[in-house]
Amino acid sequence: MLSIAARTIKTTSVKSVLGPLTSIRTKVTLPDLPYEYNGLEPYINTEIMKLHHSKHHQAYVNGFNQAEEKLEGAFKSNDLTQQISLQGALKFNGGGHINHTLFWQNLAPKGKGGGDLPKGALASAISKEFGSFEDFVKQFNTAAAGVQGKFFFWCTDLYLFKQGYNKASKRVEIATTPNQDPLLHLIPLLGIDVWEHAYYLQYKNVRPDYLKNIWEVVNWTTVSERFAKAS
């Protein structure tokens, strides 16, 4: 994060050179959805989308900005204890913002890209690692439905499952990270939010039904674009 890096540099022997950078801080805003709140009906209903985007995601944005403001003050006052204590809030809320932004982009209305099957190089990579697209979905859903606790399987109860690309081994993988941690050790391609707030108003406690239906609105065009850049 540029603001943290810049303020950290100020505490070194070169602070007189880089001092002006300390006025730079990261402030995030709630992104607009690339579709209407009712655009993912009937697979994700309008009420869920309104609450999820305007309330839950907005809370992560607010939490991150508040923590950043406090951190700026902690650096100015050289309060190391405060600087350290704020890292958890920055990580949780910043990760929540990153993960949800990715999630919105991964979805599209049916008939406008949502549910269209992956093609080309991405389809080949999925088949290579999982046998077929159907086997990939089955493995993904089985893992997502069964995991317990606060995890991103790449969180009471948000889980965000992600498909990622391992640039070193050139493989498409399914991975997991705890809490709201963003995916750092892989390049994120696809994220599906399975915290209860993402589905409970519509699917109650039947998470497998949500996981079955959400593939009808997954935007594989966006996933394929990420894959092309990554590979």
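Helices (runs of H or I with at least four residues) and strands (runs of E with at least two) are DSSP runs, numbered from the N terminus. The structure shown is a predicted model, in which local features need pLDDT of at least 70 and side-chain atom pairs count only at pLDDT 80 or more, while totals for chains, interfaces and linings use all residues. Residues are numbered from 1 along each chain as its sequence is written, and side-chain values use heavy atoms, with hydrogens and water left out.

View 1. With a relative accessible area of 34%, F92 is partly exposed, a class that lies between buried, meaning under 20% relative accessible area, and exposed, meaning over 50%, as found with a 1.4 Å probe on protein chains only. If its neighbours within four places in sequence are set aside, F92 is in contact with Y60 and Q180, where contact means heavy atoms within 4.5 Å. Although F92 and G63 are 29 residues apart along the chain, their C-alpha atoms are separated by 8.8 Å.

**View 2. The packing of helix 6 against helix 7.** Two packed helices are described by the angle between their axes and the distance between the axes. For helix 6 and helix 7 the angle is about 65° and the axes are 8 Å apart; axes are lines fitted to C-alpha atoms, for helices over the stretch in contact, and angles run from 0 to 180 degrees between N-to-C directions. Helix 6 and helix 7 are therefore roughly perpendicular to each other, since angles of 65 to 115 degrees count as roughly perpendicular, those under 35 as roughly parallel, those over 145 as roughly antiparallel and the rest as oblique. On the side of helix 6 the residues I126, S127 and F130 take part, and they meet F133, D135, F136 and Q139 of helix 7. Sorted by class, the contact of helix 6 with helix 7 has four nonpolar, two polar and one charged residues; here Ala, Val, Leu, Ile, Met, Phe, Trp, Tyr, Cys and Pro count as nonpolar, Asp, Glu, Lys and Arg as charged, and the others, Gly among them, as polar.

**View 3. S132 in the loop that links two helices.** The loop between helix 6 (120-130) and helix 7 holds S132. This residue, S132, is buried, with a relative accessible area of 18%.

**View 4. The packing of helix 7 against helix 9.** Helix 7 (residues 133-146) packs with helix 9 (residues 207-214) at an angle of about 150°, and their axes are 9 Å apart. Helix 7 and helix 9 are therefore roughly antiparallel to each other, and their crossing is right-handed. Helix 7 brings N141, A144, A145 and G146 to the contact, while helix 9 brings R207, P208, L211 and K212. These contact residues divide into four nonpolar, two polar and two charged.

**View 5. Salt bridges between side chains.** Four salt bridges are found in a search of the whole structure, each one a side-chain nitrogen of Lys or Arg within 4 Å of a carboxyl oxygen of Asp or Glu. One of them joins K91 and D181, at 3.4 Å from N to O; K91 counts as partly exposed at 48% relative accessibility, whereas D181 counts as buried at 15%. Between K110 and E216 the closest N and O atoms are 2.4 Å apart, with K110 partly exposed at 43% and E216 partly exposed at 29%. In the salt bridge of E129 with R171 the closest N and O atoms are 3.1 Å apart, and salt bridges that share partners join E129, R171 and E173 into one network.

View 6. L186 is found in the loop between strand 4 (177-178) and strand 5 (187-193), and at 4% relative accessibility L186 counts as buried. V223 has its place in helix 10 (residues 220-230), and at 0% relative accessibility V223 counts as buried. The C-alpha atoms of V223 and P188, which are 35 residues apart along the chain, are separated by 8.9 Å.

Note on methods. Left-handed = near helix turned anticlockwise from the far one by under 90°.
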